[in-house]
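Look at the model below and follow its chain before reading on. The paragraphs after it begin with a single side chain and then move on to the sheet and the helices.

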Amino acid sequence: MTPALEIVDVSHHFGAVQALRSVSLTVPRGGFTALLGVNGAGKTTLFSLITRLYNNRSGVIRVGGHDLRREPGRALARLGVVFQSRAMDADLTIRQNLIYHASLHGIPGRLARPRIAEVLAQVDLADKAEARVTALSGGQARRAEIARALIHRPDLLLLDEATVGLDVKSRAEVLALTRRLIERDGVSALWATHIMDEIAPDDDLVVLHQGAVLRQGRAAQIAGGQGLTRAFLDMTGVAP
């Protein structure tokens with residue numbers, strides 16, 4: 001099957017600073033792929049290239065088999081993105097936010113209403129549709145962001161440090177929701193994180209450090225017998 005995401009030999013510079021160095025990775029369909037790296041590893045830069053916030057001038061990025069430079073509309077239509085910074089208007093209700101984002105994707109009102117009900121049920125927020133974003137807990141706000149990302153039925157979810165700033169319970173809920181969407185609805189996910197506890201042994205894992213991919217494979221295999229934290233420290237030379 002065509003992978004949900006293919007990145008081949010992608011580099012990126014900010015002036016004289018090289019943020020990404022010949023990055024290649026694959027996100028399989030219907031799976032959870034963790035992108036592990038410390039702050040500054042290049043995770044957000046890579047997400048910015050995948051979403052065309054930055055233009056990739058080297059290498060190839062394909063979303064669902066569609067080349068991002070040659071077929072940007074088709075490629076981006078398959079993406080749902082949860083950015084590290086909040087993307088919803090805090091003064092509006094969840095429903096108002098979702099109506100707005102549905103319109104951005106060209107979904108007319110008569111189709112948006114049932115679609116909004118569907119995504120709110122998916123993220124367990126059906127009873128919060130009329131709540132303002134400012135009234136939500138951190139975990140609820142993140143689930144609302146995931147609902148926004150699902151509004152156009154994407155094949156691939158990109159989640160950039162989706163649990164940042166959340167307490168332990170809310171972190172677990174957002175992670176469990178993402179895994180449930182993969183298992184139940186067949187979406188794929190690229191989950192960028194610096195938190196080892198969010199990665200399960202059977203997850204596909206990409207280790208990104210100083211703009212380069214050091215390893216990709218099953219997390220348990222990368223961890224070996226020493227555990228993921230120790231393996232990561234050994235690979236990167238980051239001080240514990």
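Why does R95 count as partly exposed? Its relative accessible area is 30%, and partly exposed is the class between buried (under 20% relative accessible area) and exposed (over 50%), found with a 1.4 Å probe and protein chains only. This is a predicted model, in which local features need pLDDT of at least 70 and side-chain atom pairs count only at pLDDT 80 or more, while totals for chains, interfaces and linings use all residues. Residues are numbered from 1 along each chain as its sequence is written, and side-chain values use heavy atoms, leaving out hydrogens and water.

R95 forms a salt bridge with E130, with 2.5 Å between the closest N and O atoms. A salt bridge here is a side-chain nitrogen of Lys or Arg within 4 Å of a carboxyl oxygen of Asp or Glu. The two partners are 35 residues apart: R95 is in helix α3, E130 in the loop between α4 and α5. Helices (H or I, at least four residues) and strands (E, at least two) are DSSP runs numbered from the N terminus. E130 counts as exposed because its relative accessibility is 53%.

A second salt bridge joins R179 and D203, whose closest N and O atoms are 2.6 Å apart. R179 belongs to helix α6 and D203 to the loop between β8 and β9, so the bridge ties together parts that are 24 residues apart in sequence. D203 is buried, at 6% relative accessible area, whereas R179 is partly exposed, at 25%.

Now turn to the sheet. Six strands make up an open sheet with mixed pairing, in the order β6-β7-β8-β3-β9-β10; two strands pair if DSSP finds at least two bridges between them. β6 and β10 are at the edges with a single partner strand each, so one side of each has no neighbour in the sheet. Strands β9 and β10 pair in the antiparallel sense over six bridges, and L205 stands opposite G217 in β10.

Helix α6 packs on this sheet and touches β3, β7 and β8, where contact means heavy atoms within 4.5 Å. Helix α8 also packs on the sheet, touching β3, β9 and β10.

Helix α1 spans residues 43-50, and seven of its eight residues are buried, so the rest of the structure largely encloses this helix. Among the buried residues are L46, F47 and I50. After α1 comes R52, with a positive phi near 65°. L53 lies in the loop between α1 and β4 and counts as exposed, at 56% relative accessibility.

Terms used: Axes fitted to C-alpha atoms, helices over the stretch in contact; angles between N-to-C directions.
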